[in-house]
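Here are my notes on this one, point by point. Have the model open while you go through them.

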Amino acid sequence: AYAGDVVLRIEVQDTAGNVIWTGNASGGVKRWGRSYKAENYYEVLSDSLLDAVFALLHKEGFLAALEPKAAGKS
């Protein structure tokens, strides 16, 4: 069996370089496989990363920080 966990530390800055949001997003997966092939390791790593990005895109604070008004634009 293969298992992977990824934790991302994200920082959103406005155009002036001011930090307007920071946070973490984590993801993890488990897959079955019997052979020790690189493809199995890559699949677990990439799927864990996708799971973390999916979690990040569901954080309201992160999404609000990406809105133009939060970045100092009108």
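1. R31, E43 and D47 are linked in a network of salt bridges, a salt bridge being a side-chain nitrogen of Lys or Arg within 4 Å of a carboxyl oxygen of Asp or Glu. By that rule the count comes to two. One joins R31 to E43, with the closest N and O atoms 3.7 Å apart. That pair links distant parts of the chain, with R31 in strand β2 and E43 in helix α1, 12 residues apart. The other joins R31 to D47, where the closest N and O atoms are 2.8 Å apart. Here too R31 lies in strand β2 and D47 in helix α1, so the pair ties together parts that are 16 residues apart in sequence.

2. Before going on, a word on the source: this is a predicted model, where local features need pLDDT of at least 70 and side-chain atom pairs count only at pLDDT 80 or more, while totals for chains, interfaces and linings use all residues. Residues are numbered from 1 along each chain as its sequence is written, and side-chain values use heavy atoms, with hydrogens and water left out.

3. D47, however, is buried at 19%. (Buried means under 20% relative accessible area, exposed over 50%, partly exposed in between, with a 1.4 Å probe and protein chains only.)

4. On to the helix that carries E43 and D47. α1 covers residues 38-56, so 19 residues, and reaches 27 Å from its first C-alpha to its last, close to the 27 Å expected at 1.5 Å a residue (the expected span is 1.5 Å times one less than the number of residues). Helices (H or I, at least four residues) and strands (E, at least two) are DSSP runs, numbered from the N terminus. N40, V44, D47, S48, A52 and L56 are buried in α1, and the buried residues of this helix pack against β1 (2-13), β2 (19-31) and α2 (60-66).

5. S48 deserves a look of its own. This α1 residue is buried, at 1% relative accessibility. Its side chain reaches the backbone oxygen of V44 at 2.8 Å, a polar contact (N or O atoms within 3.5 Å; within protein, one must be able to donate a hydrogen and the other to accept it, and residues adjacent in sequence count only if both atoms are side-chain atoms). Leaving aside neighbours within four places in sequence, S48 is in contact (heavy atoms within 4.5 Å) with G4, D5, V6, G27, G28 and V29.

6. Now the strands. β1 and β2 run antiparallel, joined by 12 bridges (two strands pair if DSSP finds at least two bridges between them). D5 stands opposite G28 in β2. The hairpin has five residues between the strands, and G17 takes a positive phi near 90°. In the loop between β1 and β2 you'll find D14, which is buried at 17%. The D14 side chain reaches the backbone nitrogen of N18 at 2.8 Å.

7. Last, the core. Which residues make up the largest nonpolar core? V12, W21, A25, L56, F62 and A65, six residues. (A nonpolar core is a set of buried Ala, Val, Leu, Ile, Met, Phe, Trp, Tyr and Cys residues joined through side-chain atoms within 4.5 Å.) β2 and α2 each supply at least two residues of this core. Beyond its neighbours within four places in sequence, A25 is in contact with V6, V7, L8, A52, L56 and K59.
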